[in-house]
Structures are given as C-alpha cells and as structure tokens.
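Here is my note on the model, point by point. Please keep the structure open while you read.

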Amino acid sequence: IILITGSSGQLGTVLTKKLQKKYGVDNVIASDLRYDRDFNGQFEVLDVSNFEAIKAIVLKYKITQIYHLAAILSANGEKAPLNTWDINMKTFFNVLEVSRLYNIKKVFFPSSIAVFGNNVERLNTPQSSNLTPTTVYGISKAAGENWGNYYYEKYGLDVRSLRYPGVIGYQSLPGGGTTDYAVDIFHKAVNNQKFECFLNASTMLPMIYMDDAIRATLELMEAPKEKITVRTSYNIAGCSFNPKQLATAIKEIHPNFEITYKPDFRQDIANSWPMSIDDSDAKKDWDWQPKFDLKLMTDVMLRNLELKYNNNPITI
Ligand code: VAH
C-alpha cells in the first residue's frame, strides 16, 4: 500500500492518478494539508510535520511505500528561509523515521536541480558535482539527499531519489518555484493573453515534460535494487530551453502570442542553476530515456489546454 504526501501539488496530482491506475485505487492513499473535493480515491488530511499523524496513517493502512512530495519550493522558500528549512526537513525526517520504525519497504524523495549552485559546470552538469545550493529549498534538498543515503547505509532503508528539472504539465499548476513561468506561459497563450515573464529571454534551464517526469519516477522505483548505484539522488534531464525559445515554439501554433520580460528576484535563483544536466548514470543504471523535446512538449501542452479552456480540439 502506497502513501503519497503532497498529493494535491503539481507532481502529486498526476503521480497519484498514475499510481492508482497501476496499483489499483485501493492500494493508494493520497494525503495533503487540505482535502480536495474533486479528488477520486482514498484521501487523508495529513500534516507530515506531525510525526504521530503520519504514524497513525502508516499503521491504519499498513503502508509499505511512501512517496514524499510535500515541500516548499525555491521561490516561495526564500520568503521565509528558516521556516522553509524547518518544514522541508521536519517532514522528511518524519517520513524516514516512520519508515525505519514501521517496516516501510521503499521511500521516494524528490530532489531538484536546485541542489547545484555556482561551483558546477553549467552545461551538462555532472552527477558528482560539488553542491553549493543558493536557496534554502536547494539546501534542504541537498541535505535530504544525504539523509536518504544515510538511512540506506545505516538502516538499509530503500530510499530512492531524482533531481528533477522544472516540471511542465497541463494537469496542475506549480506552486512557488523558479521554473513556474514555463507552465504559466501556456495558460496565457491559450487564453490569448500577453505573458510577462519573470526571467529574461536568454535564461536557459533544464526542464522535463510531466509524462517523462512521472515515468522516470516509476522506472526508478521499479528498478531492481542492485541496479541502483546512486543513493543520494539521480540527475535526470528532459530538454533545456530559454523563455525566448519557448515563446518561439508557442508562436508556431499561436502566431499572435506576445511575451515581455520583467525579471524579478527569481532571476538570481535561475542564474545560479545549471543550463543542462548530464543524466548518464540514470541512463546506464535503469535505462532512463526522455521522450519529449521542446516541440513535442509544446504541442501536447497547447492541445490539452485548448481542450480544457476552450473545448477546442486543435490540429497540429
Ligand atoms: C522550483 N520547480 O522551481 C522547482 C524545481 C528545478 C526547480 O525544483 O523550485
């Protein structure tokens, strides 16, 4: 039985459905701070920073796997640094401890390309780079990776992790990250609105389309244990682009789309992150291969959002 924390978030929304489909609705328990009325399936209101609360759910449902997606993201995290550290770490410690004590078989911990800072190769950033994150979010992810590794080494807990690039999907909205522009832009485009981008035109960042991100997660979690050689967190890559290239891809389909640029504090965060990622360990260990490039991702995003907002099936 699988427990997902942060199930109403950007990744959680889609991952929950995928896990329900794969393992059956009865075998997936979704949880978040608030109940979402539109949710179909088994749901528990859970504040993961409360150890007794997560323990009660683990015992009630005899949970065997935890996907711990609850966290405060990079941009929001900078508004209250110490609080972000407390929440991101406390929740993960509770997950690790409940897993160690109550016989959880596997734990998934999402890390991020935000673990990298200014001391790395910005192009094709290697797996084994020196981590000097510039945001509290990044610091909490870098620490979390090492704690996952520690629980694996010390207690044999099977913790697995990916360093996600910015995730782009039509099903859900991101909450308070630096890569959010790459989702927001599509919503503006299909509603024929101008888009003001909070990063400048040439800010290249690693991104990944939702389907690829979810598939990478499931492939990692299903890989035989002996294939997992990285116990901190695996680099994974989808495609890299900057706001200008994304706007150009959107204009191919929406020629009247307009973008302007007004960088804010998130520009500094983006400037400290890699432009592209070397994911050769994931490729070697569990045959990772992304499927969506910029063009394919743009087509699928626009097609699905046209249907959602305008009930308009566009042919591309
Ligand atoms: C953020 N989307 O912007 C997240 C992510 C790669 C960045 O971890 O904070």
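1. Start with the kind of model. This is a predicted model. One place to look is Asn192, which sits in the loop between helix H6 (181-190) and strand S8 (195-197). Its phi is positive, about 55 degrees, although Asn192 is not a glycine. Most residues other than glycine have a negative phi. Is Asn192 buried or exposed? Asn192 counts as exposed, because it has 11 C-beta neighbours inside 10 Å, and the cut-off for exposed is 12 or fewer.

2. Asn103 is another residue to check. Asn103 is not a glycine, yet its phi is positive, near 65 degrees. You will find Asn103 in the loop between helix H4 (81-101) and strand S5 (106-112). Asn103 is exposed, with 12 other C-beta atoms within 10 Å.

3. Now the division of the chain. The protein chain is divided into domain 1 (2-165 + 208-235) and domain 2 (168-205 + 239-272 + 292-310). Read those ranges with care: each domain is made of separate stretches of the chain. The centres of the two domains, taken over C-alpha atoms, are separated by 25 Å.

4. How many residues of domain 1 are in contact with domain 2? The count is 18 residues of domain 1, in contact with 16 residues of domain 2. On the domain 1 side, the elements that give two or more residues are helix H1 (10-23), helix H3 (74-77) and H7. By class, that side has 6 nonpolar, 9 polar and 3 charged residues.

5. Next, an open sheet. It is formed by 3 strands in the order S7-S9-S11, and the pairing is mixed. Strand S7 (166-168) and strand S11 (239-241) are the edge strands, since each pairs on one side only. On average, neighbouring strands of this sheet are turned by 40 degrees against each other, direction ignored.

6. Take the two pairings of this sheet in turn. S7 and S9 are parallel, with 3 bridges. Here Ile168 has Tyr209 in S9 as its bridge partner. Strand S9 (residues 205-209) and S11 are antiparallel, also with 3 bridges. There, Met207 has Cys239 in S11 as its bridge partner. Helix H7 (residues 210-222) packs on the sheet and touches S7 and S9. The direction of H7 makes about 80 degrees with that of S9.

7. Why is S9 described as largely enclosed by the rest of the structure? The reason is that 5 of its 5 residues are buried. Both faces of S9 are covered. Leu205, Met207 and Tyr209 are buried on one side, and Pro206 and Ile208 are buried on the other.

8. S5 deserves a look as well. S5 is mostly covered, with 6 of its 7 residues buried. Strand S4 (residues 65-68) pairs with S5 in the parallel sense over 3 bridges. Strand S6 (residues 158-164) also runs parallel to S5, and 7 bridges join them. Follow Val107 across these pairings. Ile66 stands opposite Val107 in S5, and Val107 stands opposite Val159 in S6.

9. End with Arg303, in helix H11 (residues 294-310). Arg303 has 18 C-beta neighbours inside 10 Å, so it counts as partly exposed. A residue needs 20 or more to be buried. Arg303 and Ile253 are 50 residues apart along the chain.

Terms used: Residues are numbered from 1 along each chain as its sequence is written. This is a predicted model: local features need pLDDT of at least 70, side-chain atom pairs count only at pLDDT 80 or more; totals for chains, interfaces and linings use all residues. Helices (H or I, at least four residues) and strands (E, at least two) are DSSP runs, numbered from the N terminus. Two strands pair if DSSP finds at least two bridges between them. Axes are lines fitted to C-alpha atoms, for helices over the stretch in contact, and angles run from 0 to 180 degrees between N-to-C directions. Two residues are in contact if their C-beta atoms, placed from the backbone, lie within 7 Å. Domain bounds come from an automatic or database domain assignment. Ala, Val, Leu, Ile, Met, Phe, Trp, Tyr, Cys and Pro count as nonpolar, Asp, Glu, Lys and Arg as charged, and the others, Gly among them, as polar.
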